[in-house]
Amino acid sequence: MTNLFNSKSTQLFISLIFITLFYGQSQAAIICYVSSESGGDGSSWSQPMSLHDALDDSACGEIWVKQGTYYPSDVGDRSVSFLINRNVEVYGGFEGDESFLAERSPGRYPSILSGNIGSLSLEDDNSYHVIYVDGTGANGPITRDTIIDGFTVTAGYADGQANPRDDEGGGLLCNGKGAGNECSPTISNMTFIHNYAFMGGAMMNYGYGQGTSSPLIVASTFAFNSSNNNGGAIYNHAFSGTNQTEINNVTFYGNTGFIGGAIYGHGYSGDNSPIILHSSFIKNNAFHTGGAIQHFASEMSPSEATIINSIFWENSQSADGAILVMNATATINSSVFSDSCPDNVTCQNLMSGDPLLKPLMLDYGFTPTMIPRMSGAAYNAADDNYCTYLDQRGEVRPASGCDIGAVEINVLDSDVIYKHGFQLY
Ligand SMILES: [Ca+2]
Ligand SMILES: [Ca+2]
């Protein structure tokens with residue numbers, strides 16, 4: 001137990017370094033510029049190329065995408081996605097005249113990747129997957145060097161029957177299937193909203209069959225995604241494979257599934273060991289079990305979920321409350337969790353008080369968040385050994401006295417609800 005926890009601590013530490021790096025200026029790479037008025041060579045904002053062309057062009061080390069709405073297919077082909085099959089950095093949220101990455105503002109200038117092709121009023125003719133990240137091809141594994149950052153992903157509708165995985169990952173399908181293959185990108189500053197799939201409404205992380213899929217998901221929001229089966233927002237799939245997805249400073253709000261309202265993890269004969277840090281699970285609902293999270297493996301697998309400094313509030317209370325762990329283990333440490341400690345879970349320092357969250361809204365930062373109040377249970381209550389450097393909004397957390405959940409309360413965050421932002425949802 002001690003060794004395992006130390007290794008998790010090391011992973012967390014590595015992630016923190018990584019976050020620090022990519023919030024800074026990125027390394028020199030050939031930047032390709034994209035806008036919906038494409039037709040240029042992508043060499044500048046005045047010569048923008050299309051997003052498909054930029055993703056296809058291996059010379060594009062970084063892709064900067066101007067505000068606007070981008071559809072995977074212009075001709076209603078549901079099987080076409082924005083395909084990422086090499087290590088590349090893709091950034092959205094530009095007004096369209098920036099010279100530096102730090103100048104962009106995805107909250108103000110959203111770059112929207114929408115699967116709502118075909119009829120605007122129909123969803124069952126939408127793209128199966130808005131984004132398809134393929135780590136099984138000739139360009140080799142997709143590692144965390146691949147960065148997808150600053151987009152809103154919406155209206156994916158994965159209900160296909162003809163091909164495998166046409167019904168998985170409506171917003172993003174991450175394919176690391178098979179020995180030697182991997183799909184483990186960095187997903188940061190992203191908003192996944194109103195995506196649907198039979199499994200993994202917003203995202204399927206597929207490490208099936210000796211493959212690996214262990215994305216780093218940071219500073220992002222998953223809201224109102226849904227699944228008719230497992231994983232309203234995210235399905236971490238490690239059947240005979242590996243899935244060590246890291247989720248930190250992420251808000252899950254109003255996602256619904258049959259099993260696992262926000263996240264379903266499947267580690268049967270494999271290793272499904274997610275690390276969930278400084279995240280907020282609010283009003284997610286499962287119709288069967290696991291209102292926020294269902295974590296499932298087999299007795300012979302090492303699957304362990306680690307949850308630290310996180311908020312669970314008003315998730316579905318049907319059957320098994322917020323978290324159900326079956327044939328696997330989990331640790332919940334220093335979190336707002338109003339249920340009693342679930343079976344197969346080691347609980348430490350749980351708080352049952354109300355975090356007194358404000359509505360989901362775009363305040364400071366790139367993605368919608370729910371800010372706790374100083375008078376609530378989350379304030380200054382986190383385990384200081386695991387304070388991340390930044391919160392979901394990019395605000396610096398203190399080294400001690402950090403707050404539970406995705407948002408560090410700023411001294412400027414008064415209890416006036418709409419002082420800085422506006423309510424979106
Ligand atoms: Ca449509
Ligand atoms: Ca604090």
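How many of the residues of strand β22 (residues 263-267) are buried? I looked this up in the predicted model and found five of five, which makes β22 mostly covered.

**Entry 1, β22 and its faces.** I checked the two sides of the strand separately. Ile263, Gly265 and Gly267 lie on one side of β22, with Tyr264 and His266 on the other, and I noted both faces as covered.

**Entry 2, partners of β22.** I then went through the pairing of this strand. Strand β18 (residues 234-237) runs parallel to β22 and is joined to it by four bridges. Within that pairing I found Asn236 with Gly265 of β22 as its bridge partner. Strand β27 (residues 293-297) also pairs with β22 in the parallel sense, over five bridges. Here I noted Tyr264 opposite Gln294 of β27. Tyr264 is also one of the buried residues from my entry on the faces.

I traced an open sheet of eight strands with parallel pairing, in the order β4-β7-β11-β15-β18-β22-β27-β30. At its edges I found β4 (82-84) and β30 (323-326), each of which pairs on one side only. I wrote down an average twist of 5 degrees from one strand to the next. As a reminder to myself, strands of a sheet pair through backbone hydrogen bonds, either parallel or antiparallel.

**Entry 4, β7 and β11.** I looked at one more pair in this sheet. Four bridges link strand β7 (residues 131-134) to strand β11 (residues 172-175), in the parallel sense. Tyr132 has Leu173 in β11 as its bridge partner.

I located Cys341 in the loop between β31 (329-337) and β32 (345-351). Is Cys341 buried, exposed or partly exposed? I recorded Cys341 as partly exposed, because 14 other C-beta atoms lie within 10 Å, and a residue counts as buried at 20 or more and as exposed at 12 or fewer. Leaving out residues up to four places away in sequence, Cys341 touches Cys347 and Leu350. I also looked up Ile323, which is 18 residues from Cys341 in sequence and 9.1 Å from it in space, C-alpha to C-alpha.

Where pLDDT is low, the predicted coordinates should not be read in detail.

Methods:
Residues numbered from 1 in each chain as written. Chains lettered and ligands numbered in written order. Predicted model: local features only at pLDDT ≥ 70, side-chain atom pairs only at ≥ 80, totals over all residues. Pairing = 2+ DSSP bridges. Axes fitted to C-alpha atoms, helices over the stretch in contact; angles between N-to-C directions. Contact = placed C-beta atoms within 7 Å.
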